[in-house]
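Here is a short briefing on one protein model. Look at the structure first, then work through the points below.

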Amino acid sequence: METFLKNLSISVLAEILENAFQWFVVVDEFSNILYINEEYCRFLEVERKEAIGKPVAEVIENTKMHEVIKSGIAHIASPHYIKGTYMLANRVPLVVEGKIVGAFGSVIFRDMSDWKKLSSHVRTTMERIQLNMEDNSYKDYYLGDIKGTSAAVRKIKETIEIIAPSDIPVLIEGESGTGKEIFAHSIHQLSERSNEPFVKVNCAAVPPELLEEELFGKYDLATGKFSRGRYKQADKGTLFIDEISALPLTLQAKLLRALQDGTVFTAHAEKEEQVDVRILASSNVSLANLVEEKKFREDLFYRIQAVTLQIPPLRERLEDLDELLNYFLQKFVVQAGRRKIVLATKTREILQSYHWPGNVRELQNVLQAAVYLAENDIIEPSALPIQVKKRNALSFNTNGKLEDILIEVERRVIQDLLESQSNKATIAKQLGISRSTLYEKIKKYNL
Ligand SMILES: Nc1ncnc2c1ncn2[C@@H]1O[C@H](COP(=O)(O)OP(=O)(O)OP(=O)(O)O)[C@@H](O)[C@H]1O
């Protein structure tokens with residue numbers, strides 16, 4: 001590091017710190033101020049020469065620099081109430097040769113309204129970018145982007161490697177959020193069609209009355225113009241029919257015809273057009289069951305299900321959880337512009353014992369929120385949503401003896417209540433036990 005700085009004189013460094021549009025303070029290991037920039041002093045209404053050498057707590061109200069020196073843990077974008085207004089402060093320990101020699105603090109936004117303005121600006125910009133991306137393209141997902149090494153995921157990946165290069169239709173079944181769409185992307189990427197379009201139509205998201213136009217296009221009588229539907233847009237490429245179970249029966253017949261003849265014929269168009277598409281379809285309910293209930297055409301079902309990939313819910317492949325956790329954590333830490341953030345052991349335990357009804361998507365959302373909510377470098381259980389903390393009885397290991405399972409249930413119920421409620425008398429009352437019994441159990445389970 002020093003080698004990078006050697007060309008900068010002290011006066012240049014001072015000039016940078018004085019004009020950096022941030023307020024800076026540096027303290028020694030005893031929390032006495034070594035340096036503070038002029039702008040910060042002006043705001044604090046103190047003379048700089050008087051502030052230097054003083055304990056920081058005497059100069060800056062509500063300062064937490066001493067906590068950073070004591071714990072060695074940085075506070076990033078931490079709200080700091082000072083002179084009647086909230087600011088966002090970074091406080092970072094200064095570690096030299098493994099020893100904490102002081103800390104460095106900076107105020108990023110001078111008040112919360114500045115910060116809110118910036119954050120809403122960033123959000124709307126991101127939304128616009130996102131909308132653009134959804135409209136014009138799709139994200140490229142390759143097989144390597146699919147995390148997980150459970151036997152089930154490995155088997156699915158192996159099957160994809162074998163069938164991807166062909167034109168065989170593939171049906172991908174699994175609960176919502178299990179990753180059906182990224183499996184579909186990876187099939188396209190591995191196929192001969194990877195340089196051609198990958199077009200998606202979500203049958204559940206488009207109102208049934210508009211689905212025909214969406215799929216097969218529309219002829220505008222007034223202008224005489226014909227707009228191409230998704231089916232035609234996917235010509236030479238792949239058409240991903242998401243949630244095909246929501247496709248109305250009339251359209252199922254039309255889709256089957258298009259697949260059999262290799263042509264599309266719109267309601268008002270005068271001629272049939274040749275179209276060459278590979279079909280990938282997904283469903284979060286069993287299509288075979290829908291066929292039995294006569295809600296899905298049997299002939300279309302047989303046409304698309306020659307290869308069926310069953311994506312198991314996350315709770316049935318918990319071996320994948322750690323890899324997914326680490327992957328999303330790393331991704332969101334980078335995205336949030338934060339430094340390294342780790343999960344507290346307790347937080348990891350809670351995540352591991354949850355049953356993930358929303359599958360990988362839920363895990364992803366929970367981790368994203370936790371990274372943004374984390375006040376310092378460690379994600380504590382308080383950053384998790386209530387439903388995750390409460391844990392679901394289904395996630396108990398039911399292989400053991402009943403006696404052991406009940407002990408574990410009792411321990412977790414008491415632990416959960418202790419986390420959400422500090423008054424032991426209230427907890428005892430809620431559980432219908434005496435306070436002394438509650439204390440005995442707390443001692444027994446070491447809570
Ligand atoms: N194995 C995985 N590795 C990495 N990311 C994953 C994995 N599985 C799912 N995801 C991510 O989880 C999110 C949900 O996945 P996806 O949209 O593919 O699920 P889905 O089964 O198609 O859900 P739905 O039926 O609700 O459309 C996506 O952001 C996806 O990138």
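Start at Leu280. Setting aside neighbours within four places in sequence, Leu280 is in contact with Pro169, Val170, Ile172, Ala184, Ile187, Thr238 and Phe240. Two residues are in contact if their C-beta atoms, placed from the backbone, lie within 7 Å. The model is predicted: local features need pLDDT of at least 70, side-chain atom pairs count only at pLDDT 80 or more, and totals for chains, interfaces and linings use all residues. Residues are numbered from 1 along each chain as its sequence is written.

**Cores**

- Leu280 is among the residues with the most contacts inside the largest nonpolar core, along with Ile172, Phe183, Tyr231, Leu239 and Ile241.
- That core has 38 residues.
- A nonpolar core is a set of buried Ala, Val, Leu, Ile, Met, Phe, Trp, Tyr and Cys residues joined through C-beta atoms within 7 Å.
- A residue is buried if 20 or more other C-beta atoms lie within 10 Å of its own, exposed if 12 or fewer, and partly exposed in between; C-beta atoms are placed from the backbone.

**Overall picture**

- The protein has 447 residues, and 24% of them count as buried.
- Its secondary structure comes to 21 helices and 16 strands.
- Helices (H or I, at least four residues) and strands (E, at least two) are DSSP runs, numbered from the N terminus.
- Take the contacts in the protein with a separation of 6 or more: residues 24 or more positions apart account for 64% of them.

**Confidence**

- The average pLDDT of the protein is 86, and 88% of the residues score at least 70.
- pLDDT is the predictor's confidence in each residue, from 0 to 100.
- Residues 132–137 have a pLDDT below 50. Beyond near neighbours in sequence, this stretch has zero contacts in the model.
- Where pLDDT is low, the predicted coordinates should not be read in detail.
- The model scores ipTM 0.98 and pTM 0.63.

**Around the ligand**

- Which residues come nearest to the ligand? Of the 16 residues around it, they are Ser176, Gly179, Lys180, Glu181 and Val360.
- A residue is near a molecule or strand if its C-beta atom, placed from the backbone, lies within 6 Å of it.
- Helix H9 (180–190) and helix H17 (359–373) are the elements that give two or more residues to this shell.
- Domain 2 (143–312) and domain 3 (315–394) each supply at least three residues of the shell. Domain bounds come from an automatic or database domain assignment.
- The shell holds three nonpolar, eight polar and five charged residues.
- Ala, Val, Leu, Ile, Met, Phe, Trp, Tyr, Cys and Pro count as nonpolar, Asp, Glu, Lys and Arg as charged, and the others, Gly among them, as polar.

**Helix H9 and its cover**

- The buried residues of H9 are Lys180, Phe183, Ala184, His185, Ser186, Ile187 and His188.
- Their cover includes helix H8 (151–163) and the strands E6 (170–174), E7 (198–202), E10 (238–242), E13 (278–283) and E14 (307–311).
- Ala281 sits in strand E13. Is Ala281 buried or exposed? Ala281 is buried, because 28 other C-beta atoms lie within 10 Å.
- Not counting residues up to four places away in sequence, Ala281 touches Leu171, Ile241, Ile244 and Ile304.
- Ala281 and Gln305 are 24 residues apart in sequence and 8.8 Å apart in space, C-alpha to C-alpha.
- Ala151 lies in helix H8. Ala151 is exposed, because it has 10 other C-beta atoms within 10 Å.
- Ala151 and Arg317 are 166 residues apart in sequence, yet 8.3 Å apart in space, C-alpha to C-alpha.

**Open places and positive phi**

- Helix H21 (residues 435–444) lies largely in the open, because one of its ten residues is buried.
- Asn446, in the segment after H21, has a positive phi of about 60° although it is not a glycine.
- Most residues other than glycine have a negative phi.
- Asn446 is exposed, with 6 other C-beta atoms within 10 Å.
- Glu45 is not a glycine either, and has a positive phi of about 60°.
- Glu45 lies in the loop between helix H3 (38–44) and helix H4 (48–51). Glu45 is exposed, with 7 other C-beta atoms within 10 Å.
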